[in-house]
Amino acid sequence: MKRCPECRRDYFDDSLLYCLDDGTALLEGPKSEPGAVATGEFAESESATAILPEVHSTDEARTRTFDSGQPIPVAVSKRNTIIAGAVGILIATALGIGAYFYFGRSDTQISSIAVLPFANESGNAEIEYLSDGMTETLISSLSQLPNLSVKARSSVFRYKGKDPSPKTVGADLNVEALVNGRLVQRGNDLTLHVELVDTQTENVLWKSDYNRTLSNLVSLQNEIARDVAGKLRAKLSGAEQTQIAKSHTENAEAYRLYLQGRFHWNKRKPEEHIRAVQYFEQAIALDPTYALAYSGIADCYAVSSSPLEGEERYNKLRTAANKALELDPTLGEPHAALASLAGDNWDWTYAERDYQKAIELNPDYPTAHQWYGEMLTRLGRHEEAIAEIQRARSLDPLSLVINSDMIYILVMARRYDEAIEQARRTLEMDPRWGFAGLQLVDAYLHKGLYEEALNEREKFLQNSDRTPEEKTASLEEVAILRAAYRSGGPAGFWRKLLESLTQARDKGEEIDLPFYASVHARLGNKD
């Protein structure tokens, strides 16, 4: 049996962690039969006078008598009272310590959490979008809770298909608890197993099974979000409960199509974004008021892997983002998409306003902090930029893109040693991640470490997905640059690189024009 220390209500369901009346963490209560009254208050017949000794007072002496009538000296009574009080304190302390370790700190609010990718145990890869999508939706819902750090998708999805220990994930992501889930679909029936795990003790703090049909998908998602949030907080306010349970659509099929759109969007390839837009548009056809689907379309055109370029891309992004905000002004993501559009068009004032609005509405949206940091460093506001990218990384610590952007921002701030260290950490996560490798080469060049830069360039090429012929040609170019540096110093290096770039341009090959200009600048060719 468990008892609420505040209202004294007793519970015989050992799976409960918190009082249903006031949200206080439950402690082990006195042993009692299940048929007893579970109220925590004395019944009328069990008054205090029936269980406490009667107190008598005379002028000569003060004594206490039990029903037998035998007097007990007050000194003995006081001694017994002291002993009883000490024993009571010891018992209360033991119960408190036991509850702390048994419940894994459940008597305090959990302040950081990671929702690991739900496992698809249906044996059907075609519904992978469903397990991934429900994971993302739960991340988004929990992110609405104030003072709760929820790790972003790109960090937690690095564990997809793996079975790491809770302690390992807790250390990697710096979180106190994990949500694990397993999903099984059989025809129109869904079964979802969810559990909340303490990363320090690896105790299961709570678990539940949900059996629903696909037509109840929206209500199922809301129910899971409410249940998990309730276990993270001693008590949710009315506003928090409303925000957590917010349904962006009541149409289960529209929601399913939206999840499919997000599944393809997260693959970050132009052809996948085309499919994502198609799914988002199908969701909108079923529910024209579905703001998140419009936001999804805007996101497809906001990233570098957008399937469109130029004015057509900007027009579609602007239209979708504005429609999303018209339907739901509380969304932060469309503001970030509009801010990226403004930044691409050098409208820094508008971009900054929208980035700040996106962060105000959704402080835990790492992409808004990341993109805002990129913009700030272009404006020379490097300390602010570093603060934003650090915030993005704290929310999404295993994101290769965010970690690589941190290298870029540190290089722009001329903090080359920090940039080199950050690049090494990022490449430890994935040695084949090209962007980090190129940023490390750039940091070494800025620091004047040409041999180290050429060595990293070789390593990057060897780990790349290029064909053997392409690798051979690129490695030969590195050898030529090394020879030029050793014979002519830094100036020899940059002259040989400029010659190589000019030859490629004259052959009609596409080259990085800003980089080409910077090589001229290195050699003093300012015009």
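Predicted model: local features only at pLDDT ≥ 70, side-chain atom pairs only at ≥ 80, totals over all residues.
Ser295 itself is placed in helix H10. With a relative accessible area of 1%, Ser295 is buried, because buried means under 20%.

Let us now consider helix H10 and its partner. Two packed helices are described by the angle between their axes and the distance between the axes. For H10 and helix H11, which covers residues 310–327, the angle is about 155° and the axes are 8 Å apart. H10 is therefore roughly antiparallel to H11, since angles over 145 degrees count in that way. The crossing in which H10 passes H11 is left-handed. On the H10 side, the residues that meet H11 are Ala291, Tyr294, Ser295, Ile297, Ala298, Tyr301 and Ala302. On the H11 side, they are Arg313, Lys316, Leu317, Ala320, Ala321, Lys323, Ala324 and Leu327. By class, this contact of H10 with H11 has eleven nonpolar, one polar and three charged residues.

I turn next to the protein as a whole. It has 527 residues, and 46% of them count as buried. There are 21 helices and twelve strands. Among contacts with a separation of 6 or more, 55% are between residues 24 or more positions apart.

The largest nonpolar core has 131 residues. Those with the most contacts inside this core are Leu130, Met134, Leu142, Val179, Leu196 and Ile224. Helix H10, residues 291–302, gives the most to the core, with nine residues.

Beyond residues up to four places away in sequence, Ile224 touches Met134, Leu138, Leu192, Val194 and Tyr210. Ile224 also takes part in the contact between helices H3 and H6. The axes of H3 (residues 128–142) and H6 (residues 217–232) come within 10 Å and cross at roughly 50°. H3 is therefore oblique to H6, and their crossing is right-handed. From H3, the residues in this contact are Leu130, Met134, Thr137, Leu138, Ser141 and Leu142. They meet Leu217, Leu220, Gln221, Ile224, Ala225, Val228, Ala229 and Leu232 in H6. The residues of this contact divide into eleven nonpolar, three polar and no charged.

Where is Ala177 placed? Ala177 is in strand E10, residues 177–186. Its relative accessibility is 0%, so Ala177 counts as buried. Leaving out residues up to four places away in sequence, Ala177 touches Ile110, Ser112, Ile113, Ala114, Leu196, Val197 and Thr199. Ala177 and Lys167 are ten residues apart in sequence, and their C-alpha atoms are 9.4 Å apart in space.

Finally, I would draw attention to two loop residues. Most residues other than glycine have a negative phi. Asn174, although not a glycine, has a positive phi of about 60°. Asn174 lies in the loop between helix H5 (166–173) and E10. Is Asn174 buried or exposed? At 62% relative accessibility, Asn174 counts as exposed. Arg414 is also not a glycine and has a positive phi, of about 65°. Arg414 lies in the loop between helix H16 (400–412) and helix H17 (416–429). Arg414 is exposed, with a relative accessible area of 64%.

Notes: Residues numbered from 1 in each chain as written. Heavy atoms only, no water. Core = buried A, V, L, I, M, F, W, Y, C linked by side-chain atoms within 4.5 Å. Buried < 20%, exposed > 50% of the residue type's maximum accessible area, 1.4 Å probe, protein only. Helix = DSSP H or I, 4+ residues; strand = E, 2+ residues; numbered from the N terminus. Contact = heavy atoms within 4.5 Å. Axes fitted to C-alpha atoms, helices over the stretch in contact; angles between N-to-C directions. Parallel < 35°, antiparallel > 145°, perpendicular 65-115°, else oblique. Left-handed = near helix turned anticlockwise from the far one by under 90°. Nonpolar A, V, L, I, M, F, W, Y, C, P; charged D, E, K, R; others polar.
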